[in-house]
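Reader: I'm new to this one and would like to get my bearings. Could you walk me through a few of its helices?

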Amino acid sequence: MTNDMCGTKLRLSGVLSGRIFRTNKYPGLKSWGVNRDAFSIDCVSGVAGSDRDVFSILHCVCLALLLAWSHACPAAEPAASPSGIPESAIAALQTELADAGVATSTVRKRRAYKNVARNGEGLLETSLAAANRWRVLGIVFQARARLLGLENSDRNREALLETCANLAEAPDEHAELRLEADLLLSEMALSTKGADVQARTRALEELIKRYQGTPAEAKSLIIASQIALKLGALDLKKTLFTTMMERFPAHHAVIQWRREHVGSAMLEVMFAGSFERVDGVPLNFPLDLMGHLSIMVFWSQDTPGFELYLKQVKELEVQYPGRFDVFSFNLDELPDGGMATLRKLELDWTVMRLPGGRNHPAFSSYAQNDPAGIFVNAYGRAALSPKGAQGEKFELDARRISDERYLAQLQSLFIGDFLVTAEPDQRQTPKLAAIQECFIAAPFRYRLKPGQALANYTKAAKLCADAIKTEPKADIAALRNRRIIALMGMWNLAGEPAYLAEAVKEAKAALAMTLPPGADLVARFCLAKDTLRTSETVKMEAVVSAFLADCGGAEAPASALAAAAILALDANARDLHERTRATLLAVPVDDNPTPWPVAAFLRDRLHTYSLLRANLISHGRQHERQMPIRGYMSNVGGEPRTDRLPEIALKTLDGGTLSLPQDTKGKLTLLVFVEPSAEPDAEFPIDIGEGEDKRPHHHYLQFACDLADRHVNKDVTTIAAFLSEDAQRIDALMKTRELTCQAAIVPGGLANPMVRRLGVLSADRIPNVFLLRRDGSIAWHASGLPYEDSERFVNMLASKVHIEAYEVETACQALEKGNFKEAARVFGGPYLPWDPDRFGWRGPRYHGQALAYMGLKDWDAALESIEKAIDAQKLRYFQGRRDKNPEQWRKEAATVTINHPDDTLVELWDTKAEILDKLGRKDEAAQMRKRAAEPARADDPSRYKSTHERLKDWLKQHRMEAQK
């Protein structure tokens, strides 16, 4: 999966200064003095302080980067076809170029480079249509560029530009050769036009787009980031670094480049590469470890204190048994890979070979110092210090260790359990039914320990093999599919590629049969996995696209889309994953349970937050990510969910039926799934503690009851859906805890199909919350997976703010429909000031309520509401410590003096003036209008600001209609 681009570090040295020397024909081409062999530059240019000097420097930097890169890593191409230029002739020309660089004098170098260019052009003249002519043209380009550095003449410049023009026509498979020509031609054209920085930035962005998905994409991003820095295009540079992280997280040259230029920020990378285990078995990271945590330890016996460091890693193994695997990379190139030393220290780690030791690209990219431990998460991602590991002490914050059920879920999805957990058709035999019992459906599968799951897969693989041999009338396709998934499960959990190889044989045998529609999906899923793992030449995205094409293309079933979404994660194809995700979630899957586990995974905000990212944590206010996890999980201001809650029939404690979403009676509904402990006398774990306090608590369900009880208009209902059929125990719990919400029983508990479809997870530890809109659609959802140390607080925060947001939306819609009485009622809620009052909806609510009362011509009520809206907006200027008493907010607002009002406050003043006019208080209205006429600054963009603008537009339109 990796291309380390020879691990070369590009460094520039030399002088950048000078005179602009222009030819009449090529005014954009500067006078270069490039010492190619020393990787240094002298740019001779002229008018000091002009923009053109900057661009001349950029031109020279660009040229040096290109030459250094091509010298270090000549492009590897396939052998020529019989009708092409002989491979021996190209190899000889490449050797001739290399020999020219070591000539003993400048004169001899110049002559040698001319000969290389002349001989290359001779080959091209005899093979104008040869497929491999681009390689020859690339060698000619390098020779002419170096020649220009030695002999700056019009003839050499013109020859180089002519070569560039020819090379720019190369197809994408030769993009690395073409990039050099494109950049130099672009610079020439821009300089000729006298382009400014903005034009150059746009041209650079367009050029990057052209190289996306080509073999030269990584090179183009690195070169473009350097040019963007020189141009001062910092936003573009930031975008380029993000793109490098997204698309080339395992590219060794890109990692080293980022490490040198990222500053002090943590570096997110993928630990990837093909390594040989000490017993000779090759492992491919991360595909052999998807869904698992691991620590990669680089160490040397020659480094003082290495034993203490290794023992620290061992202590973490003891502290967190079975939570991660440890892989040893000894740097001393010992015959046994350091196994004897490890065993003396009682370390039962997986021992890997590292040819070259400290010279191996993996060491220089990931570790840089030793000893070093790299913590790698379930997607193969790691967070690196830009300075490399310090080699003193290995520490691992417990918050970075993923939850066991989270990992079990990922493992199940990567294995493909969802493809065979649905019951087979009527042709099943008793033996097939026994085999089916080995494949545990979600969410039970996520609660299995790895050893239990591995035992199930091992049993299923054997039973399937026996049945295929002994039951010729059985559904062979179904048996092969289950054996394939069982073998892939063994590969994933045991870390043995031999099981995948066996699954591949079974998949090929399956595809050789005549299969019913859709029965080939598992086999193709397996073969795609193998291709992603072993191929170094095929584009990863192309593997997933080919899989979908083989499964029906645009007509592919939802199960194939689900499988493709998982394969895209294996391929590190985030864009393709997002597109497939969107397609799958838009497809109705009511009657097809196969994709349910994947769809639930795709909707889970914890999973979407952690997708293809390292396990980073927040330290106080210094968040290591652009989007802190609390804000992401609460989804305040994000793209909302709009899918409708599937119809689900619950039982009431008195034996009645509660049908959702029909029986919500037009109210916002908090549907909270909770699960009693398996121990009859155990404390009921409605909530689990945060951080180190992982004990049962009961805060959220009580909070959900309070949300319904304290709602001003009683438009919220809370339903506790118990994943238990013990009505007496549930009734006792409700009474003991004095819970006021409605209790309901989920028939069948965890086995109810809706549990799998909705993605209800770990409700025995953390409540699963679904906030339903009045129309039965899902507004927000939180699963039972823990994250960092804040899930309980965030779930409380998100529930309240989403209820407030949707109540304001409901009220706005009523206002716009002219239902002023309903609008005034809903704007009056949902909640009175209530600690903690963390949200900004109070101002928009009272603003909207004032307009509703204006519509009702209740001017006294309108005045009271607009004054509350003004006080709420004034509190945004309040600099002191807020009083925790919710009744004090208006007293605090009265202490605020406004010197520089924002435009929202001015609008509220203007509305108040209009209300005062209607009350006959003309003088006060005039004073208010005078105040509203003062210059105002723009209010900060927010959802609250947008709501004020929406209300302002409504009032403007309402006035116009009233005047007609």
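Predicted model: local features only at pLDDT ≥ 70, side-chain atom pairs only at ≥ 80, totals over all residues.

Reader: How do helix 5 and helix 6 lie relative to each other?
Author: The axes of helix 5 (residues 154–167) and helix 6 come within 8 Å and cross at roughly 120 degrees. Angles from 65 to 115 degrees would count as roughly perpendicular and those over 145 as roughly antiparallel. The crossing is left-handed, and the word for how helix 5 and helix 6 lie is therefore oblique.

Reader: Which residues of helix 6 meet helix 5?
Author: On the helix 5 side, the residues are Leu-161, Cys-164, Ala-165 and Leu-167. By class, this contact has nine nonpolar, no polar and one charged residues. The helix 6 partners are Leu-177, Arg-178, Ala-181, Leu-184, Leu-185 and Met-188.

Reader: Is helix 6 largely enclosed or open, and how many of its residues are buried?
Author: Buried here means under 20% relative accessible area. Helix 6 is largely enclosed by the rest of the structure, because enough of its 19 residues pass that test: 15.

Reader: What comes just after helix 6?
Author: Helix 6 covers residues 175–193, and its end C-alpha atoms are 26 Å apart, in agreement with the 27 Å it should span. Just after it comes a residue with a positive phi of about 65 degrees: Gly-194.

Reader: What should helix 9 span, and which helices and strand do its buried residues pack against?
Author: Helix 9 runs over residues 234–247, so at 1.5 Å a residue its 14 residues should span 20 Å, which agrees with the model. Its buried residues include Leu-236, Leu-240, Phe-241 and Met-244. They pack against helix 7 (197–211), helix 8 (217–231), helix 10 (252–261), strand 4 (267–270) and helix 22 (574–586).

Reader: How many residues of helix 31 are buried, and which residue follows the helix?
Author: Helix 31 (residues 842–855) reaches 20 Å from its first C-alpha to its last, close to the 20 Å expected. It is largely enclosed by the rest of the structure, because 13 of its 14 residues are buried. The helix is followed by a residue with positive phi, near 60 degrees: Lys-857.

Reader: Is Glu-804 buried or exposed, and what does it touch?
Author: Glu-804 is found in helix 29 (residues 791–816). At 5% relative accessibility, Glu-804 counts as buried. Not counting residues up to four places away in sequence, Glu-804 touches Pro-830, Tyr-831, Phe-839, Trp-841 and Arg-845.

Note on methods:
Residues numbered from 1 in each chain as written. Heavy atoms only, no water. Helix = DSSP H or I, 4+ residues; strand = E, 2+ residues; numbered from the N terminus. Expected span 1.5 Å × (residues − 1). Buried < 20%, exposed > 50% of the residue type's maximum accessible area, 1.4 Å probe, protein only. Contact = heavy atoms within 4.5 Å. Axes fitted to C-alpha atoms, helices over the stretch in contact; angles between N-to-C directions. Parallel < 35°, antiparallel > 145°, perpendicular 65-115°, else oblique. Left-handed = near helix turned anticlockwise from the far one by under 90°. Nonpolar A, V, L, I, M, F, W, Y, C, P; charged D, E, K, R; others polar.
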